[in-house]
Structure formats: C-alpha cells, structure tokens
Amino acid sequence: MAEIAMVQMEAPTSGFTHEEGQPTPTNHPPSTNQPPQISNPPQPSTQQLPPAGHGNLTSSVAQTESDNCEGIPRERWTSTGEFIASVLSLSIHFGTFTTLPYFSATDGAAFMVIYAGFYFILGVPIMYLDLCLGQFCSRGPAHIWNLCPLFRGIGVGMMVSSAMYYPVYNLFSSWSLYYVVQSFYPVLPWSNCNNAWNTPACSNNTYKHIGPSTEYFYKRVLQVSESSGFEDMGGLQWELVGCCAGVSVLVFAALFWGMKVLGKVFCITMLLMCAMTLVLFIGTMTLPGSQNGLAFLFAPNFGADLKKKNVWSRAFFWAMFTVGMSSGLVSNLASYRHFKSSALRDSLIICSISAAGRLLAGLMIMSLYGVLVNTQQKRMNYMVKTGIMSAFQPLPELFPHLSVSQFWSLAYFAIFLLVGFNLQLIYAEMIITAIVDSLPRRSRMIRLVVTAVVCITSLLLTLPYLAKGGARLMILVDVYIIEVSFSILGILQFLTIGWIYGMGRLSRDIEMMTGIPPPIVFKFIWCFILPPVILIFLVLSFIDYDPQSFYSAFPVWAHVMGWFIALASLVPLPVFAVIALFTSSQHLLRPKPEWGPAEVEYKRQYDNQRQYNVTLRERITSVFTN
C-alpha cells in the first residue's frame, strides 16, 4: 500500500526565480517591502553534506541527527541490511504462504505471469516512492502529509487502517504460538479422530468427511461450536488469550529498545524463517507426490484463465498489497534511514529478494500439498484452500504420517509465528512513531510508556477476536478493510503527489537526497498509469461484489458493519480537510513550513530551492524531463 514522492516546501522566498524544471538563484537582493527575516538563508557548506547515495554505509547510517523534536535524536538503522530485512518482513506476509499459492494453483500459470507483471512494472515504482517519502522527511505517514495540508487525512487514514488491522495479526500469531506449543507433544493432537472434540463426521479417508486437523482447529482451538454467531460470540478462549499475551510481551521487548535492537530482530527472524522454509522444501522434495504439487502450481491454462477478469483483479490487488501500497508502512520504516541512503538500488534489491522469497514459499506449500494428496489419495482441487485459516486445516494432517512428525509441525508453525511476530512489530512501530513524532519531546522513558500503552491496547482490542466466535469477526474485517480503503487512499495519494505537489519538485527532492532523479518511466507510471488502473480494478471489485460469496452465514447487519469498517479509514479525509479550511492561514495545497528534511543542514538547503505557482503545463512537462 503505497505513498509517493519527495516533497518540497512552498513558502515565499526572495532572491530566487522559480521554474518547474530547475530553480535558478539570482543576484537581486530582496525588495524593500519584504520583511528581512525571509531573506535567503545561507547555503550550507559543501563539507557539511555527505556525498549523495553513500549514506547507506554502516558507519554513516549509524549517525543520528537532531530534528525538530527535543530530547534524544531520532534513531537510525545501523545498517542497510537491517532496513531491507524489515521491509522483507512486511512483503513476505501470511498470504505469501496461503492465498498466493491458492490463486496460483486454481488459476494456473496465468495468475503467476499476471501477478509478476503487476508486481515488477507497478510495484517496484511504488516501493521506490514509499521508501523515498519516509527517508526524505524522517517522519511517519501521519506527518508526511504535511506536504499538502488539505489532504493530510490520507496519512491519518493509513494510520487508522493499520491500527484496525493490527489486532488481526495478533490473532494469527496467537494461533501459531498455540500450535508451536502443541507440536512438542509426543503424539500430535490432530493425528486421529479419537479425541473428545471429534464428531462422527471426522475421517481421513473420504471426500465427504472432515479431516482431524480441521475439527481440531475449529472445535478444540477456536471452539466455535460454543458460539451461535455474531449475536452470541461465546466466552474467551483463555488458552489463546495467554498465547496473545505472551507474544505481546515479546513484541514490547523488541520495540522498547528502538531501531538498533529492532533491526537485529528483523535480521534474525527473517534468516530463521527463510532457513526453515528452505529446509521444509528440500525435505518435502524427497517425499513421494511432491512433484505433483509443483506440477499443479505451474500447470499452463492461458487460453481459459486470461479471459477471467477476476484473475486480473486478484493478481493486481495482491501485487499492490505485497508492496504495501497505501499502508504507509514502508514509508514509516524508511523514516529511520539516513538521508543520503540509496533509494533506487535498495528498492530493486528488496523487490527482487521478496519475489524470490514468495516463490520459495509457494514451492514449499504446494510440494506439501502434493505429498498430502499422495498420502490420502484425494484430488488437489479438493485439498488446496485459501486464506490464513487454511494454514491450520488440511496441511497439518500430513505431519503425523511423516517421520519425526514433531519437527515438521514445529518448523511449519514456527514460520507462521515468525511472520506474525514481524508484522506485529511493523504495525506497532508505525503507531508508536506517529505518537512519538507528535510529542514535543523524545526520550527513552517516553518511548517506554508509549510502547507499553500500544502493546496493552492492542492486546485489549484483540480480545473480541479471541472469543469463541471471534473468527467470524476476523473474516469480516479481513474482507472489508482491504480493497476499498486502500484503493481509494492509493488513488488520492498518487493524484496529490503527482499533480498537486508535482513531478518537478519531486524530482528535485529525490535528486537532492540520493544524487540522481527518479527515472522518467517511473514518473509516467505514478501520474498517468496508477490512478486510472487502481480505479478500474476498484470498479470491477464493486461489480463483482457478492456479500454471500465469502461467508454466506453473515447476517445483513454484519455486512453493513463491514462497510462501516471499510469506510472508517476514509473518515479522516473530510475531517482533516475541514480542519485545514478553518484553522490554516496558509495555502492549503502548499506544504507546511515544517515540511522537508529533518536534519538542519539539509532543511536549509531544501528551503533554498522551494517553489510555488507552477502551471499545469509545467507540471505535465516535468513528468517527461529530469
């Protein structure tokens, strides 16, 4: 979910002529009718500014610069590798192991080709801009949108959307931790149908019966049978509450120490996750049937699949979701980078490694499905499921049939625990950053208090999901919060950056920061391709909308509540626009005075090249020039 662009201050300056392509200093002094305090600030010495594009070295990134917030300086990632690991933790999410393999298996190779096309053609420019935006101003998304006061609600909307989705990841992590603990039992509890929670319908052998892992998940772990629906959610599942509290403690411990510790955590968890995925894949390939799963994944069926508009829609939304479009999460992580770090190179590295990681995850999951189908002699179409809940249903039935079943189960569920843990860190850090950036002073104690409040609040907000009917609420939020809010926020974001802030200013910002302007093809995509494409797929999703298609048991009022959930992140748009209209004495489409680099040296340099009153023709021309 994406944000766009490096932005520049727009306040009256003197002693400069303004053109969209390039500001040119003049030798004329300020006119006498201008107040003396707005004369040109002195240019910083070139010795004060590190060479563009080389600030990503560990020795340079480790530096911390003072900014407008009093107290301790803002922390930085201690190495580029830690930042890359943090963004990879965001892009390799639960859907990488569940939903994407399902779409690939059901829609054939066509989905993979279309998804890869959207990801590399549109996703890489989005990732690049999100990275640049946070790195340029060293602020989270709630403050990044000071670049256009009238549309500051875009950044706040991103915060609201992330805050609403954060408890869902708490829930997933709780499930995963529960299964990790159960994996240490001498006999896996979902190995057979001879348990107190099983029903006569439980069986391993026929299509019409329910497998033991499915009954274990719904009747033992979630205990949904004790809830009759939204009207009666049942009591709390206290075992899951304990797991959620345990994960929350770990999240607090990782977040409290700041970026220097958090970066190490991301590196360790990503390495563990990749290692376990690779070990499971290699081990699975030695078992009979694994090749059938891979063949099912890559089965070509272009003639039929390419004609389905839902294939294109799925591929587009998942590609955009993978790069974090309209979430503000990448920008928030990038706000802790050194100002002169390389953006284009790191964006390409992140997208390439992320694509390889998703491919490995898909190969591992589908090879496991192949072995499961071979073991139970069932059809692949019958076994492959979608959604995060599918990770806890058919595949665990395979592990009791393998030697050292506890190892297979532990490695499998530990992967999901690490994925959920990383996502919790990223979402919580975004909320913490927004709060700390809003305070007049920064200190260790303040961060301790804010982190504790965020972790405790997130635990309390997760409790409704931990009720015995909480899975229904999770499905409702998961379905409605994704496509609508992040599509509308994405359209407004690209239009605001591309046509209100302008590509000329954006190019100068990025060139000032990294030493090179953005590629012209990227600017063309931001301005002319992404807004209409997002709108087209949003309209298609409305055309195909069927409330009963994803959960037929939902009552009508639940779907109404779902739409309120979907629109909640859009409420800040009119609210902050009205606030700006009544409280701001400045031009509402020009950046606030505080917008720009956080470091004093770069802020002074930035103020010397700010612009305003750019014509539409100049804005269009700037798209095709550097």
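Author: Two residues are in contact when they have heavy atoms within 4.5 Å of each other. The model is a predicted one, in which local features need pLDDT of at least 70 and side-chain atom pairs count only at pLDDT 80 or more, while totals for chains, interfaces and linings use all residues. Residues are numbered from 1 along each chain as its sequence is written, and side-chain values use heavy atoms, with hydrogens and water left out.

Leaving aside neighbours within four places in sequence, Tyr412 is in contact with Leu280, Ile365, Leu368, Ala391, Leu395 and Phe399. Together with Trp175, Tyr412 has the most contacts inside the largest nonpolar core, a set of 185 residues. Such a core consists of buried Ala, Val, Leu, Ile, Met, Phe, Trp, Tyr and Cys residues joined through side-chain atoms within 4.5 Å. Buried means under 20% relative accessible area, exposed over 50%, and partly exposed in between, with a 1.4 Å probe and protein chains only. The element that gives the most to this core is helix H17 (residues 405–438), with 21 residues. Helices (H or I, at least four residues) and strands (E, at least two) are DSSP runs, numbered from the N terminus.

H17 also gives the most to the lining of the largest cavity, with three residues. H17 and helix H18 (444–462) each supply at least two residues of that lining. A cavity is a set of points on a 1 Å grid over the protein atoms alone where a 1.4 Å probe fits but cannot get out, and its lining residues have an atom within 4 Å of a point. In the largest cavity the lining comprises 13 residues, and Glu75, Tyr336, Val436, Arg442 and Arg447 lie nearest its centre.

Burial can be followed elsewhere in the chain. In helix H11 (residues 290–297), the buried residues include Ser290, Gly293, Leu294 and Leu297. These four lie on the same side of H11, because they cover an arc of only 95 degrees around the axis, the arc being that of the directions from the helix axis to the C-beta atoms. Gly153, in helix H7 (residues 153–182), counts as buried because its relative accessibility is 1%. Not counting residues up to four places away in sequence, Gly153 touches Pro572, Leu573 and Phe576.

As for the whole chain, 59% of its 626 residues are buried, and its secondary structure comes to 26 helices and four strands.

Conventions: 1 Å grid on protein atoms, 1.4 Å probe; cavity = no way out; pocket = protein on both sides within 12 Å on 5 of 7 lines; lining within 4 Å.
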